[in-house]
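Please read it alongside the sequence and the coordinates shown here.

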Amino acid sequence: MTITTTSRPSVRVEAARAARRRWWRGRWPLAALLALLSVLTVSPFVAMFIVALSPAGRPTVPVRWPESLTLDNITRVLSSSGFVTWTLNSLIYALVSVVIILLTSSMAGYAFAKKRFPGREAMFWTFLATMMVPFQATLIPTFVLVNSLGGVDTFWGLIVPTLANSQAVFLMRQFILGLPDELFDAAKVDGASEWRVYWTIVLPLTKPILATLGVFVFLWHWNDFLWPLVVGQSDATRTLTVGLTTLRTEEMQLSLLMASAAVSVVPCLLVFFLLQRYLVNSIAMTGLK
Amino acid sequence: MRQRLRDPVTGLLFVLPVLVLFLIFRIFPSLGAAGMSLTNWNIGGEWDIIGADNYVRLLDDVNFWLSLRVTLVYSVVYVPLTMLVALGTALLLNQVVFMRGLFRGMLFLPYVTSFVLAGIIWRWIYEFNGLINGLLAKADLGPVAFLEQSGVVLPALAVVAVWKGFGYSMLILLAGLKAIPSSYLEAASIDGASAWQRFRRITLPLLRPAIFFVMVIETISAFQTFDTVYVMTGGGPARATYTLIYGIYDHGFRSFDFGYAATWGMVLFAIVLIVSLVQRRFLDRGNT
């Protein structure tokens with residue numbers, strides 16, 4: 001009796017070890033291949049950061065490695081007024097869009113899911129149909145419209161046309177459809193106003209999906225290029241992606257260019273490291289792109 | 001009773017902000033695109049209706065057919081390549097338990113960055129004294145002018161887009177793989193099916209909806225390629241990377257020929273519509 005109880009854990013450990021060894025025998029090449037592909041995938045970023053932290057000159061990673069690393073390039077980039085303006089513009093573009101899209105799409109999603117009003121279905125399907133019209137196909141008329149309203153090279157001209165986001169409305173509606181009606185009715189019986197129901201019940205209940213959507217909207221706008229390119233025609237409203245394309249290797253050192261690129265990717269990396277699990281799960285579940 | 005009266009009003013009020021935004025910035029421009037393609041709208045905002053002239057000009061435009069071919073060739077390289085990489089990495093992630101979270105994160109990382117950033121990094125990687133040619137020189141090979149040769153430049157751009165975007169498709173396919181009941185595969189393996197047979201006869205058929213979804217998404221994104229072209233080649237060399245969207249941009253914002261640029265946009269719309277409708281039809285068939 002004593003023998004069996006003392007030997008049991010070690011037997012189990014032994015069995016687990018054997019299983020692991022069996023697994024590795026068949027599959028270590030797969031693990032090695034996966035590791036290799038992963039390293040290859042991140043290596044352009046690693047190379048970018050190394051060059052960004054290299055002293056001036058043209059270090060050619062991986063042939064010629066820098067002898068020492070320096071923050072000079074980063075501080076020079078951060079002290080150039082153009083770069084700082086672009087970064088702030090990108091932040092304004094992304095953050096204002098996040099706030100307004102989350103608000104408007106959750107309001108519309110709530111109405112589409114839980115309210116009855118004339119034309120609801122027709123309206124919803126029209127929204128969905130606009131998903132099939134690629135933004136680039138309407139780039140010219142949208143620009144002409146914004147131009148005629150005096151919106152070229154202004155923040156509202158940059159931001160407002162991108163706020164009509166059918167993916168966001170669709171996602172919010174689908175999520176709120178899944179919430180039980182009783183949650184909203186109870187509050188209404190208690191005499192809460194519609195706005196109060198939205199503010200104190202709809203918004204808190206949709207927090208997880210709002211967070212996911214917020215991350216995506218931030219990335220979409222931070223990384224957006226074509227619309228900011230045509231609308232933000234001077235540094236006053238130029239975003240970081242557009243600003244980066246005005247930097248040319250012929251005119252500036254590679255290490256400075258890479259330092260600019262490296263700084264521009266920091267918000268994306270922050271989002272990635274803090275919210276990776278969130279992003280991964282929501283792509284798998286909703287197909288949000 | 002009061003409830004029923006209150007509902008329509010609040011419903012409409014809650015939809016109103018989105019409705020206004022959509023009417024002005026999505027629906028009006030969509031109709032406007034069709035309208036503008038029938039005019040000779042220019043930078044001064046003057047225009048006359050010129051009927052189908054823009055479409056006739058389009059059919060006669062060597063550059064239009066060239067850009068269609070460039071876009072098509074690009075898609076033919078990009079879509080299979082990205083599907084292959086995404087499916088391969090998804091299968092590996094599904095098999096290997098060892099440090100799976102880390103590897104998945106590393107493979108997914110480029111997806112959260114921008115095409116502009118990808119273009120800037122890869123412009124340097126492809127340069128004469130860049131990363132790849134540096135390695136080639138060490139092996140006494142090269143240099144290869146990746147972005148200056150018409151035969152090489154489209155695949156070179158496709159590789160950049162694959163690198164930047166495959167993480168998304170990989171995650172969709174990985175979710176599809178995880179949804180396949182392991183009992184199916186175990187049963188087949190007890191019956192003596194080889195790994196290839198299990199993949200070919202069980203995994204692949206069950207993964208078909210996910211593969212199809214990813215293929216449609218990637219095809220549409222291939223037809224919308226612009227950022228990497230703008231950053232890396234500017235449509236060159238000799239218009240070898242003059243994609244459809246680059247044509248819209250070029251005619252609209254370099255020649256300010258808005259009417260004609262809108263006509264190019266209509267072609268893009270038609271292509272995306274056809275791809276979406278094909279997807280619809282296939283999905284419907286899959287459901288019945």
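For chain B, UniProt lists residues 68-279 as "domain: ABC transmembrane type-1", in an unreviewed entry; UniProt positions are given in the numbering used here, feature names are shortened, and annotations may be inferred rather than shown by experiment. Over residues 68-279 of chain B the chain is 76% helix and 0% strand, with the end C-alpha atoms 21 Å apart. Helices (H or I, at least four residues) and strands (E, at least two) are DSSP runs, numbered from the N terminus.

The model is predicted, and local features need pLDDT of at least 70, while side-chain atom pairs count only at pLDDT 80 or more and totals for chains, interfaces and linings use all residues. Residues are numbered from 1 along each chain as its sequence is written, and chains are lettered from A and ligands numbered from 1 in the order in which they are written.

**Annotated transmembrane regions**

The unreviewed UniProt entry for chain B also places the feature "transmembrane region" at residues 12-31, 72-93, 105-125, 152-175, 206-226 and 258-278. For chain A, the UniProt annotation "transmembrane region", again from an unreviewed entry, covers residues 30-53, 91-112, 124-149, 155-176, 197-222 and 254-275.

| Stretch | Helix | Strand | Distance between end C-alpha atoms |
|---|---|---|---|
| Residues 12-31 of chain B | 100% helix | 0% strand | 24 Å |
| Residues 72-93 of chain B | 100% helix | 0% strand | 31 Å |
| Residues 91-112 of chain A | 100% helix | 0% strand | 31 Å |
| Residues 124-149 of chain A | 65% helix | 0% strand | 28 Å |

**The two chains**

Chain A has 13 helices and zero strands. The radius of gyration of chain A, taken over C-alpha atoms, is 26 Å, well over the 19 Å that the globule rule (2.2 Å times the number of residues to the power 0.38) gives for 289 residues, so chain A is more spread out than a compact globule. Taken along the principal axes, the C-alpha atoms of chain A fill a box of roughly 75 × 75 × 30 Å.

The secondary structure of chain B comes to 12 helices and zero strands. With a radius of gyration of 24 Å, well over the 19 Å given by the globule rule for 288 residues, chain B is likewise more spread out than a compact globule. The C-alpha trace of chain B spans about 80 × 70 × 30 Å along its principal axes.

The contact between the chains takes 77 residues from chain B and 74 residues from chain A, where two residues are in contact if their C-beta atoms, placed from the backbone, lie within 7 Å. On the side of chain B that touches chain A, helix 1 (residues 2-36) of chain B gives the most, with 21 residues. That side of chain B has 57 nonpolar, 16 polar and four charged residues, given that Ala, Val, Leu, Ile, Met, Phe, Trp, Tyr, Cys and Pro count as nonpolar, Asp, Glu, Lys and Arg as charged, and the others, Gly among them, as polar.

**Helix packing**

Two packed helices are described by the angle between their axes and the distance between the axes. Axes are lines fitted to C-alpha atoms, for helices over the stretch in contact, and angles run from 0 to 180 degrees between N-to-C directions.

In chain A, the axes of helix 7 (residues 166-177) and helix 10 (residues 207-223) come within 11 Å and cross at roughly 170 degrees. That makes helix 7 of chain A roughly antiparallel to helix 10 of chain A, where angles under 35 degrees count as roughly parallel, over 145 as roughly antiparallel, 65 to 115 as roughly perpendicular and the rest as oblique. The contact is made by A:Ala168, A:Leu171, A:Met172 and A:Phe175 of helix 7 of chain A together with A:Ile209, A:Leu213 and A:Val217 of helix 10 of chain A, and by class these residues are seven nonpolar, no polar and no charged.

In chain B, helix 7 (residues 150-178) and helix 9 (residues 195-223) pack at an angle of about 165 degrees, with their axes 8 Å apart. That makes helix 7 of chain B roughly antiparallel to helix 9 of chain B. Among the residues making this contact are B:Gly165 and B:Ser169 of helix 7 of chain B and B:Phe213 and B:Glu218 of helix 9 of chain B, and the contact divides into eight nonpolar, four polar and one charged.

**Backbone details**

Most residues other than glycine have a negative phi, and most peptide bonds are trans. A:Asp153 has a positive phi of about 65 degrees although it is not a glycine, and A:Asp153 is found in the loop between helix 5 (139-148) and helix 6 (155-159) of chain A. The peptide bond from B:Gly236 to B:Pro237 is cis, with omega near -5 degrees, and B:Pro237 lies in the loop between helix 10 (227-232) and helix 11 (244-253) of chain B.
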